[in-house]
Amino acid sequence: MIPTKMGSKGKRMDRREFMAGCIALPLLAQAGGAQAQAGLTKIIFPFAAGAGGDTLCRLMAQEMAPVLQRTMVVENRTGGDGLIGIKAVKGASPDGSMVLVTTGPTMYLLPMVEKTPSFDTAKDFMPVSLLARFEFAVVIGPGVDAPDFKSFVAWLKAHPDKSSFGVPSNGTIPHFTGSKLEKDLGIPLTRVPYRGSAPILNDLVGGHISFGITTLADALPQHRAKGVKIIAVSSAERSPFAPEVPTLKESGIDLVADAWYGMWLPAGSPPDFAGKLSAAASAALAKPEVKEKLTAIGLIPVGSTPDGLTKELAANTALWQPIVKATGYKIEN
């Protein structure tokens with residue numbers, strides 16, 4: 001027997017009122033979920049503010065918010081080479097309140113190099129869209145007398161004591177590009193990890209390292225000012241930002257090592273919401289004014305369907321897995 005309770009005005013609550021209240025509970029829960037979907041969305045970017053990826057996030061938030069009729073804000077959750085932000089979205093409610101924007105390499109390289117992977121991209125996240133591509137560059141300092149990549153290889157062989165090179169961080173595409181160069185060239189190289197591109201460029205100008213592998217966009221200003229020299233780009237084709245510079249493949253290295261930014265939701269999110277996000281992102285990236293702003297900072301806008309992002313991730317995983325495995329590189333959790 002269902003017990004009776006006192007109502008707010010002192011009346012007893014009968015069986016029908018009690019049952020009506022029970023029926024209303026799941027409806028209230030659904031309403032709460034709908035409010036979350038119609039309200040605030042945080043774009044979690046797992047790296048510091050101010051760089052190209054952060055600018056991309058803020059531009060996407062600005063363009064997508066009115067289309068989706070949501071308030072969209074960017075939150076930088078830095079640390080752990082991207083893991084802090086990734087884990088935050090992994091553990092978030094699948095109600096549209098959190099979206100992850102990060103580089104493709106963080107999503108396929110981190111599970112390869114962690115001794116115990118913190119996440120499974122396929123199981124823990126729902127793909128939304130590819131956003132923009134960016135490129136890497138092999139850069140030499142003014143103390144290296146080499147007009148092109150092939151001359152630089154000859155210079156390295158003649159100066160084995162000057163084979164140190166800088167990368168923005170360990171466990172990154174530049175790190176493993178260096179490993180690939182070492183293997184293909186047959187020259188022992190000494191990797192020096194930095195925190196970002198700026199200190200690499202400073203040490204190149206100062207003659208403390210011979211070359212660096214960093215993002216093309218970060219190296220371009222110094223290259224144009226003749227402070228450093230870009231001798232190869234890692235993309236499949238010559239970069240629109242430096243068309244005079246040959247690719248690694250043109251230079252005899254069988255490697256394409258570009259990268260990109262993508263957008264994901266937590267696993268279990270409504271597929272129709274992912275579709276709406278994807279359409280809004282692609283529409284924003286197709287706008288001429290958005291393209292202009294992104295190309296100004298060295299990003300190539302692309303956009304894709306959720307399936308397109310999944311295929312891109314799979315192709316990159318297949319490319320880099322044997323390269324990473326051959327190095328034996330692992331990080332402690």
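Two strands are taken to pair if DSSP finds at least two bridges between them. Helices (H or I, at least four residues) and strands (E, at least two) are DSSP runs, numbered from the N terminus. The model described here is predicted: local features need pLDDT of at least 70, side-chain atom pairs count only at pLDDT 80 or more, and totals for chains, interfaces and linings use all residues. Residues are numbered from 1 along each chain as its sequence is written, and side-chain values use heavy atoms, with hydrogens and water left out.

The chain contains 12 helices and 13 strands. Strand E3 (residues 40-45) and strand E4 (residues 71-76) run parallel and are joined by 6 bridges. Within this pairing, Ile44 has Glu75 of E4 as its bridge partner. Between E3 and E4 the chain passes through helix H2 (residues 52-68), forming a right-handed β-α-β crossover; right-handed denotes that, with the strands pointing away from the viewer, the path from the first strand over the helix to the second runs clockwise.

For the chain as a whole, 47% of the 333 residues are buried, that is, under 20% relative accessible area with a 1.4 Å probe, protein chains only. Contact means heavy atoms within 4.5 Å. Of the contacts between residues at least 6 apart in sequence, 74% join residues at least 24 apart.

Helix H12 (residues 306-327) includes Glu312. This residue, Glu312, is classed as buried because its relative accessible area is 18%. Beyond its neighbours within four places in sequence, Glu312 is in contact with Leu130, Arg133 and Trp260.

Notes: Buried < 20%, exposed > 50% of the residue type's maximum accessible area, 1.4 Å probe, protein only.
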